[in-house]
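Thanks for coming, everyone. Please bring up the sequence and the model on your screens. I'll talk through the helix packing and then the salt bridges.

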Amino acid sequence: IRSQEEQDAQFESLKEQGFLLVTQGKLNEAKVKLNEALEIKPDNAINQKIAEINQLLAENSDAENKNAQYNELIEQANSKELSKDYSTAISLLEEAKTLKPEASFPSQQIAKLKSLIAKENEAARINEQYTQTMQNADDLMAQKDYLGAIREYNNALSLKPNEQEPVDKAAEAERLEKAKDNDEDSQYEKIITVAQKKIDAA
C-alpha cells in the first residue's frame, strides 16, 4: 500500500499531465489522465476541466461532422456538374454554403454554374431560332420563292456563321432563281417570235 505522500505526488503528477495535454489539444489523453487522478481523490478543478474537455470534444465532433457533410456535398455537386445537371449542383452548393459560410468555394462555383446555365439557355435560343429560320427558307424554296429563301438562309447564317448548310442552300436558291429568269426570257422570246411570224405572214 502506497503512502499518502506517494498518492498525493501521483495525483499532482496526473493532474499536471492532464492539464498540459489539454493545452496541447490532446483531449482524450488528457481525460484519461484526469480520470486516473480522480480515482486517487476527488477534485473540483479536475471536474471542471473534464466538463470543459467534454464540451470541446462535442464541438470538435460537430465540426468534424460538418466537414464530412460539406465535403460530401461538394463531391456530389462536382459529379452533377460533370453530368451537366447544373441546377442540382447549385442546390447542393447552396447547402454546403450553410454548413461553412466562411468557405469561398461554393459561392465561386455557384457563380460559374449560373454563367454556364445562361450560356446554355442562349445557345438553345439560337438553335431554336436557327431551326425555325431554316424551315422558313425551305418552305420558300418549295414555293419557288428563291429570293425570299436566300434572304432566310442568310438570316440563318447570321445566327450560326460556321454552318455550311445555309451557304449551300442559298447558292442552290440563287442558281434556281437564275434558271427561272432564263426560262422567263426564253418564254418571252418565243412569244415575240410567234408574234413576229404572224406579222410576217400577214
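H3 and H5 cross in a left-handed sense. Keep in mind throughout that this is a predicted model. The axes of H3 and H5 come within 12 Å, at a crossing angle of roughly 15 degrees. That makes H3 roughly parallel to H5. Who makes the contact? From H3, it is Tyr70, Ile74, Asn78 and Glu81. From H5, it is Phe105, Pro106, Gln109, Lys112 and Leu113. Sorted by class, the H3 contact with H5 has 5 nonpolar, 2 polar and 2 charged residues.

Hold on to two names from that contact, Glu81 and Lys112. They form a salt bridge, and their closest N and O atoms are 2.9 Å apart. Glu81 sits in helix H3, residues 44-82, and Lys112 in helix H5, residues 105-142, so this pair ties together parts that are 31 residues apart in sequence. Is Glu81 buried or exposed? Glu81 is buried, at a relative accessible area of 17%; the cut-off for buried is under 20%. Lys112 is partly exposed, at 39%.

Let me step back to the overall fold. The protein has 7 helices and 0 strands. Read from the N terminus, the order is α-α-α-α-α-α-α. There are 202 residues, and 24% of them count as buried. Now the contacts between residues at least 6 apart in sequence. Of those, 50% join residues at least 24 apart.

Helix H1 covers residues 4-23 and helix H2 covers residues 27-40. Their axes lie 8 Å apart, and the packing angle is about 160 degrees. H1 and H2 are therefore roughly antiparallel; the cut-off there is over 145 degrees. H1 passes H2 in a left-handed crossing. On the H1 side, the contact residues include Phe11, Leu14, Phe19, Leu21 and Val22. On the H2 side, they include Leu27, Ala30, Leu34, Ala37 and Ile40. The H1 contact with H2 divides into 10 nonpolar, 4 polar and 4 charged residues. Among the charged ones are Lys15 in H1 and Glu29, Lys33 and Glu36 in H2.

Back to H5, this time with H6. Helix H6 spans residues 146-159. The axes of H5 and H6 come within 8 Å and cross at roughly 165 degrees. So H5 and H6 are roughly antiparallel to each other. Which hand does the crossing of H5 and H6 have? It is left-handed. From H5, the residues in contact include Ile126, Tyr130, Met134, Leu140 and Met141. From H6, they include Tyr146, Ala149, Tyr153, Ala156 and Leu159. By class, the H5 contact with H6 has 11 nonpolar, 5 polar and 2 charged residues.

How many does the structure hold? It holds 10. Asp138 meets Lys169 in one of them, at 3.2 Å, N to O. Lys169 is in helix H7, residues 165-201, and Asp138 is in helix H5, so this pair links distant parts of the chain, 31 residues apart. Lys169 is partly exposed, with a relative accessible area of 25%. Asp138 also counts as partly exposed, at 26%. Salt bridges with shared partners join Asp138, Glu165 and Lys169 into one network.

One more pair, within H5. The side chains of Glu122 and Arg125 meet in a salt bridge, at 2.8 Å, N to O. Glu122 and Arg125 are 3 residues apart in helix H5, so about one helical turn separates them. Glu122 is partly exposed at 35% relative accessibility. Arg125 is partly exposed too, at 41%.

To recap on H5. H5 runs roughly parallel to H3 and roughly antiparallel to H6. Lys112 pairs with Glu81, Glu122 with Arg125, and Asp138 with Lys169. That's my set; over to you for discussion.

Terms used
Residues numbered from 1 in each chain as written. Predicted model: local features only at pLDDT ≥ 70, side-chain atom pairs only at ≥ 80, totals over all residues. Heavy atoms only, no water. Salt bridge = Lys/Arg side-chain N within 4 Å of Asp/Glu carboxyl O. Helix = DSSP H or I, 4+ residues; strand = E, 2+ residues; numbered from the N terminus. Buried < 20%, exposed > 50% of the residue type's maximum accessible area, 1.4 Å probe, protein only. Axes fitted to C-alpha atoms, helices over the stretch in contact; angles between N-to-C directions. Parallel < 35°, antiparallel > 145°, perpendicular 65-115°, else oblique. Left-handed = near helix turned anticlockwise from the far one by under 90°. Contact = heavy atoms within 4.5 Å.
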